[in-house]
Amino acid sequence: MRSISCRILKNNLLKCGNYKQLCYRNVSVTSFACEKAKRNLLGGPNLKDFFKNENLAMQENIPEEEVIPYLKDVKKFGGRRKVYFDVYGCQMNVNDTEIIWSILKSNNFLKTDDLNDADVVLIITCAIREGAETKIWNRLEYLKGIRNQKLKKSKNATPMKIGILGCMAERLKHKVLEIDQSVDLVAGPDSYKDLPRLLALTQNNQTAVNVLLSLDETYADIMPVRLNENSISAFVSIMRGCDNMCTYCIVPFTRGRERSRPISSILDEIKQLRDQGVKEITLLGQNVNSYRDLSESTVKTSTNLVKGFKTVYKTKVGGMRFADLLHRVAEVDPEIRIRFTSPHPKDFPDEVLQVIQSYPNMCKNLHLPAQSGNSNVLERMRRGYTREAYLELVDHVRRLLPNVAISSDFICGFCGETDEEFEDTLSLIERVGYNTAYLFPYSMREKTTAHRRYKDDVPQEVKQKRLDRMVELYRLHADRLNRQQIGNLQLVLIEGLSKRSSAFLAGRNEANIKVIIPGEDELSWKTGTEQRSIRQGDYVAVQINSANSQVLKGIPLYLTTLSDFYRDKYLYRDKIDNLKYSSIL
Ligand code: SAH
Ligand code: SF4
Ligand code: F3S
């Protein structure tokens, strides 16, 4: 009984916002001091509170027919209501939406792509920078307008429900609920299993909130339903949360502690995607390469940490590591390309690089987010490495994976960044030469260490000027690297029609750069005479004939498979990487 009453207390504390410390420190609640929580409690829990969906976990082994009737009712609450998803932020949010859709679909909700037709609009939000949040506030205004218009048209209509989900919900529950009272539902990234119940509450015009962060929720038991079932690419989340606490970053506060999903459930999902015809899988996590499946019993005890890198948390040992997972994932199907994002440079031990090296279907394309090229700024950012350690890693990666494509993230104008410190970022971009880079002006976030400890003292115009210089320099190098590909033979996975013209097809090369080819051509396999048109999901050998900093164009030569292409390529390994296509035919 004590544990149930504690849970109710927690639920009430949710409403006052003090829950996070409770959750983070994993302490059970035995007393409370917060006035607001007291008031909420005086409102008093009722019978329903005893049967919240989060208690389902305790009932996992109970057969469906024996589940408490109240929860069965909750299942019916979808009532074929139509949900419109409005997704912002990173790929994790896209994949989370697929988890949400899976949960709602099995609870009798429908999905609509027409906002005007929606009974419920769920905004899956991002809080990484102020701009990301401004977008959501503007969107909220727009949605309120649509809701009012609908009500004007039909006075008896049930008002469209609006839900704020994801990272911003986690961060701004007060503002969303108290200042902007037009929101019906607020749910953080770890409470999506609770959505059917929360949406049921909104039916009675109650505002429903669950922003509790979890130490172990990985949604391993939910098979996501893809939003675009025709796509040949899919995301698979392998871990959630982040323990790194970079001083500028809100993610550890919005997504909570790091936890990994068991290998077996990841492999099951990948096999299912393979059976649906998926050809490219991107493993996802806020810190994807610190993956560690502690549920697998194994004697391995090493840490992942690369020499010269350190963390603020105790390094994890034991369990199955990222390298073990990659190895198992690569083996599922040699024709499925594997990528992963977003990694941290500290977690690239040789075992990981060796797996990437030894499987042709592991894309030789690494994201190595540097954030800054100056060791003092990196120290203030608490990234756990110096400029020298980062460059040593880049050189090491290039020794093991000679033609690897490298991408990165950079922030300019972080607290106290001087002109000289910023010049070091430019010189790092120059020295490494990135195929792709995501460049951001610093945006101060509340709750972060930087907010408490430093001053956001680089003026906005200076940030903008620095950003422009980073963009210019990065483009110059991306353009140069892409032009070096002219004449080369590349394996392109066809994604569909080009957005600009239906006479062209678009696909991606191993470096994840878009490649455009003429669409009307009929092609044959390398050995064989039968010709057919190129389809989505085909691997095509393409000779690159033009390039800019973002896109390559080329001539399709023949249909192939991933294994055949790299078998041919490895035969010519010394030549093909640098020589022109004509010289190896
Ligand atoms: N886990 C990933 C990053 C996730 S956030 C990693 O460590 O690389 C994606 C990117 O947003 C970060 O790499 C960083 O470049 C940028 N970013 C994060 N917080 C920011 C802030 N407060 N202002 C500007 N950019 C930020
Ligand atoms: Fe944010 Fe750093 Fe974690 Fe990336 S590693 S999500 S930048 S705290
Ligand atoms: Fe944004 Fe949350 Fe992703 S803050 S970048 S949606 S983890």
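Q: A crossing counts as right-handed if the near helix is turned clockwise from the far one by less than a right angle, and as left-handed if anticlockwise. Which hand does the crossing of H11 and H12 have?
A: In this predicted model, H11 and H12 cross in the right-handed sense. By the rule above, then, the near helix is turned clockwise from the far one.

Q: Why are H11 and H12 called roughly parallel?
A: Look at the angle: H11 (residues 263–275) and H12 (residues 322–332) pack at about 20°. Angles under 35 degrees count as roughly parallel, so H11 and H12 get that label. Their axes are 10 Å apart.

Q: What makes the contact between H11 and H12?
A: H11 brings Ile-263, Ile-266, Leu-267, Ile-270, Lys-271 and Arg-274, and H12 answers with Leu-325, Arg-328, Val-329 and Val-332. Sort them by class and you get 7 nonpolar, no polar and 3 charged residues.

Q: What makes the pair between Asp-409 and ligand 1 a polar contact?
A: A polar side-chain atom of Asp-409 lies 2.6 Å from an oxygen atom of ligand 1. The limit for a pair of N or O atoms is 3.5 Å, so the pair qualifies. Gln-371 makes it as well, with a side-chain N or O atom 2.7 Å from a ligand 1 oxygen.

Q: How do you know that Arg-383 also makes a polar contact with ligand 1?
A: Its polar side-chain atom lies 3.4 Å from an oxygen of ligand 1, and the cut-off is within 3.5 Å, so Arg-383 counts. Altogether 16 residues surround ligand 1, Tyr-248, Gln-286, Gln-371, Asp-409 and Ser-443 being the closest.

Q: Which residues surround ligand 2, and how do they split by class?
A: Among them are Cys-242, Cys-246, Tyr-248, Cys-249, His-344 and Arg-383. The shell has 7 nonpolar, 3 polar and 1 charged residues. Arg counts as charged, so Arg-383 is that one charged residue.

Definitions and conventions
Residues numbered from 1 in each chain as written. Chains lettered and ligands numbered in written order. Predicted model: local features only at pLDDT ≥ 70, side-chain atom pairs only at ≥ 80, totals over all residues. Heavy atoms only, no water. Axes fitted to C-alpha atoms, helices over the stretch in contact; angles between N-to-C directions. Helix = DSSP H or I, 4+ residues; strand = E, 2+ residues; numbered from the N terminus. Parallel < 35°, antiparallel > 145°, perpendicular 65-115°, else oblique. Contact = heavy atoms within 4.5 Å. Near = heavy atom within 4 Å. Polar contact = N/O pair within 3.5 Å; in protein donor to acceptor, adjacent residues only side chain to side chain.
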